[in-house]
Amino acid sequence: MARISYVELPVKRVGEARDFYAKAFGWAFTDFGPDYSATTGGDVDLGLNGSEDHAIAQLLPIVEVQDLEAALDSVVAAGGEVTVPIFAFPGGRRFHFRDPAGNELGAFVNEPE
């Protein structure tokens, strides 16, 4: 079943945000380069996005799916608008979309390297 399994926050300074959450809640992060860090062992993980290439403007809930292309087709057929086409990242691929109410979400498939 597709479910929200990831939430991404836009941050300006990844290291500072990572250190805050680690100190405040004891969370462990994995760094994926200088512009991205994430928890990787929870029921719902947290990503800290400081990337200019794939920047987000607000909190981004992300739905984990089994088949990314089928999910994109379903989103469009249900009336959603794709805002960022499918792209690869370390560990998978995803796309962003806006639902009919104007909320932006992402959908991803986990593809371990």
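Student: How many of the residues of β5 are buried?

Tutor: This is a predicted model: local features need pLDDT of at least 70, side-chain atom pairs count only at pLDDT 80 or more, and totals for chains, interfaces and linings use all residues. Residues are numbered from 1 along each chain as its sequence is written, and side-chain values use heavy atoms, with hydrogens and water left out. Helices (H or I, at least four residues) and strands (E, at least two) are DSSP runs, numbered from the N terminus. β5 is mostly covered; counting as buried (under 20% relative accessible area with a 1.4 Å probe, protein chains only; exposed is over 50%, partly exposed in between) are four of its five residues.

Student: What is the strand order of the open sheet?

Tutor: Two strands pair if DSSP finds at least two bridges between them. The pairing here is mixed. The eight strands of the open sheet have the order β2-β3-β4-β1-β5-β8-β7-β6.

Student: How many bridges join β1 to β5?

Tutor: β1 covers residues 3-10 and β5 covers residues 60-64. Val7 stands opposite Pro61 of β5, and Glu8 has Leu60 as its bridge partner.

Student: In which sense do β5 and β8 run, parallel or antiparallel?

Tutor: Ile62 has Gly106 of β8 as its bridge partner. Val63 stands opposite Ala107, also in β8. Three bridges join β5 to β8, and the two strands run parallel.

Student: Which residue in the hairpin of β7 and β8 takes a positive phi?

Tutor: β7 and β8 pair in the antiparallel sense over seven bridges. Arg98 stands opposite Glu104 of β8. Between the strands lie five residues, and the positive phi, near 95°, belongs to Gly102.

Student: At about what angle does helix α1 run to β4?

Tutor: Helix α1 spans residues 14-25 and lies across β1, β2, β3 (36-38) and β4 (45-49). Axes are lines fitted to C-alpha atoms, for helices over the stretch in contact, and angles run from 0 to 180 degrees between N-to-C directions. To β4, the helix α1 angle is about 150°.

Student: With which strand does the direction of helix α2 make about 5°?

Tutor: Helix α2 (residues 68-77) packs on the sheet. Its touching partners are β6, β7 (92-98) and β8 (104-110). The direction at about 5° to that of helix α2 is that of β7.

Student: Why does Ile62 count as buried?

Tutor: Ile62 is found in strand β5. Beyond its neighbours within four places in sequence, Ile62 has contacts (heavy atoms within 4.5 Å) that include Ile4, Tyr6, Arg94 and Phe108. Ile62 counts as buried because its relative accessibility is 1%.

Student: With which side chain does the side chain of Ser5 make a polar contact?

Tutor: Ser5 sits in strand β1. Ser5 counts as buried because its relative accessibility is 4%. A polar contact is a pair of N or O atoms within 3.5 Å; within protein, one must be able to donate a hydrogen and the other to accept it, and residues adjacent in sequence count only if both atoms are side-chain atoms. For the side chain of Ser5, at 3.2 Å, the partner is the side chain of Glu64.

Student: Which element gives the largest share of the lining of the largest pocket?

Tutor: On a 1 Å grid over the protein atoms alone, a cavity is a set of points where a 1.4 Å probe fits but cannot get out; a pocket is an open set with protein on both sides within 12 Å along at least five of seven lines, and lining residues have an atom within 4 Å of a point. The largest pocket is lined by 27 residues, with Tyr6, Phe32, Tyr36, Phe89 and Pro90 nearest its centre. Two or more lining residues come from each of β1, β3, β4, β5, β6 and β8. The largest share, four residues, comes from β1.
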